[in-house]
Amino acid sequence: MACDTYPTMKQLSLPLLSLIGEGLKSPAKVYDRLAEEFDLSPLLRDKLVPAYDTPAWWRRVRWVFQQLKAQGFITRSGFNLWDLTEEGRRHLQNAKPGVVVTVYATERGKSVWAECEHALSYVKDGSVKLLFTSTPYPLARPKEYGNLAAAEHVDWLVDVLRRVKPCMAGDGSVVLNMGNVYEQGSPTMSLYQERLMIRLADELGLHVCQKLYWYNTGAMPAPTEYTNKERCRVKSAIEPVYWLSWNPRPYADNFQVLREYSQSQKRLMAKGIEAAPEYVRPSGHQVGRTFAKDNGGSIPDNVIVLGNTASNDAYLRGCRDHGLKPHPARCPVGLPAFFIKFLTNPGDLVLDVFSGSNTTGQAAEELGRRWLAIEKSFHYIKGQLFRFPSVSVNPMFLLGAGGAVRCPA
């Protein structure tokens, strides 16, 4: 549901700074991205200030630009372009290369502030039963904005998975939730996912065990340019989820993810095996009496149907109450939970190398698995705390009001 109130100036400051840090230097592009990330309603985006005949949203974001300049966090780098100062980069609180710090821990897991390339060297060899992560998207913008192009993005992910390999158990699995991306300036799809899969198979020896799909029943029309403006594409509501392993037969047990039987199957079972009919479907598949056997549920298919419309859960409430920007690309907890139940047992170790808001850690905690979450943005780690009612925080970090973590001076 679109947001019907403007975010506060405080809530806008760090997201705006983060966008400039990512290379989005043009204010016009920043206005649009902030509106998208805060899911601002079209009414608020277009609302004018009568006295000035200018959009209220534009004035609000412009004011934040000026405040960040006054604080010494940003500076002009060209005509109507901005860049971070060194102080601004420090303010973003991204992990420095080589720095690996455990920020908080629960009974079963811990969250580490670090770049994943450096943190993985501290993970015990052969200890991870499941790596589940939602990979960052290769953002389709010109290279001058500083983001990785699709080819570079694939190079980077191959390097990350190469570092992950020693950490994995012999029968462990790697599950990658990957977003769909359009080519820059064109209503055509990027093939970065396919290129990545081929390289992982050819260079790292990974097997594709199965390709699943997450159907987000609450997906908004996107990309806006082609769905809402040009009207030449339908909205993207399905994301692929690749299940991979270095072992062609990794541990898996679909008895742990059975679904409730349909009403027709329940009626069939009620008749009993002896009374169940036998017949041949038009496809030639023979349906025997054993189909009436009760196995505790039906085997799920490879489409996982989950909405992503939470607007008032503990995580979002905590972020809202403490002026923190929620992670913009959260997946529902049910998505990692499905694979954790399917591919691990209680007590196994689950790893997420791009943990973001840490839905993986929450799912693992609730399902009795151990977990390790790695995240390079301290801002997002602060938000993770709201997923866990009781945590042990590293004493080098200070607890602020309401349990929010802030970086030491």
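Guide: The model shown is predicted. In the protein chain, 14 helices and 18 strands are assigned, and of the 409 residues 44% count as buried.

Visitor: What makes helix H13 largely enclosed by the rest of the structure?

Guide: Of the 8 residues of H13 (residues 359-366), 7 are buried, and the helix is therefore described as largely enclosed. The buried residues are Thr359, Thr360, Gly361, Gln362, Ala363, Ala364 and Glu365. Their cover includes strand E6 (109-113), strand E7 (128-134), helix H12 (334-343), strand E14 (349-352) and strand E15 (370-375). After H13 comes Gly368, with a positive phi near 75 degrees.

Visitor: Why is Thr359 called buried?

Guide: The relative accessibility of Thr359 is 7%, and the term applies under 20%; Thr359 therefore counts as buried. Leaving aside residues up to four places away in sequence, Thr359 touches Cys331, Val333, Pro336 and Arg387.

Visitor: Why are strands E13 and E16 said to stand at the edges of the sheet?

Guide: The open sheet has 10 strands in the order E13-E9-E10-E8-E7-E14-E15-E6-E5-E16, with mixed pairing. Strand E13 (303-306) and strand E16 (392-393) each have a single partner strand, so one side of each lacks a neighbour in the sheet.

Visitor: How do you know that strands E9 and E10 are paired?

Guide: Pairing requires at least two bridges, and 8 bridges join E9 (residues 207-216) to E10 (residues 238-245). These two strands run antiparallel. Trp214, for instance, has Glu239 in E10 as its bridge partner. H13 packs on the sheet by touching E6, E7, E14 and E15, and its direction makes about 170 degrees with that of E15.

Visitor: Why is Tyr215 called partly exposed?

Guide: Tyr215, in strand E9, has a relative accessibility of 33%. The class lies between the 20% limit for buried and the 50% limit for exposed, so Tyr215 counts as partly exposed. Together with Ile238, Val303 and Val305, Tyr215 makes a nonpolar surface patch of about 310 Å².

Visitor: What makes the contact between Lys25 and Asp83 a salt bridge?

Guide: The closest N and O atoms of Lys25 and Asp83 are 3.8 Å apart, and the criterion is a distance within 4 Å; the pair therefore qualifies as a salt bridge. Lys25 lies in the loop between helix H1 (9-21) and helix H2 (27-37), whereas Asp83 belongs to strand E4 (residues 81-84), 58 residues apart. With a relative accessible area of 22%, Lys25 is partly exposed.

Visitor: Why is Glu260 called exposed?

Guide: Glu260 has 64% relative accessibility, and exposed means over 50%; Glu260 therefore counts as exposed. Its side chain meets that of Lys266 in a salt bridge (2.6 Å, N to O). Lys266, at 29%, counts as partly exposed.

Definitions and conventions
Residues numbered from 1 in each chain as written. Predicted model: local features only at pLDDT ≥ 70, side-chain atom pairs only at ≥ 80, totals over all residues. Heavy atoms only, no water. Buried < 20%, exposed > 50% of the residue type's maximum accessible area, 1.4 Å probe, protein only. Helix = DSSP H or I, 4+ residues; strand = E, 2+ residues; numbered from the N terminus. Contact = heavy atoms within 4.5 Å. Axes fitted to C-alpha atoms, helices over the stretch in contact; angles between N-to-C directions. Patch = residues over 30% accessible without salt bridge, like charges linked within 9 Å, V, L, I, M, F, W, Y side chains within 5 Å. Areas by Shrake-Rupley, 256 points an atom, 1.4 Å probe, with all protein chains shown as cover.
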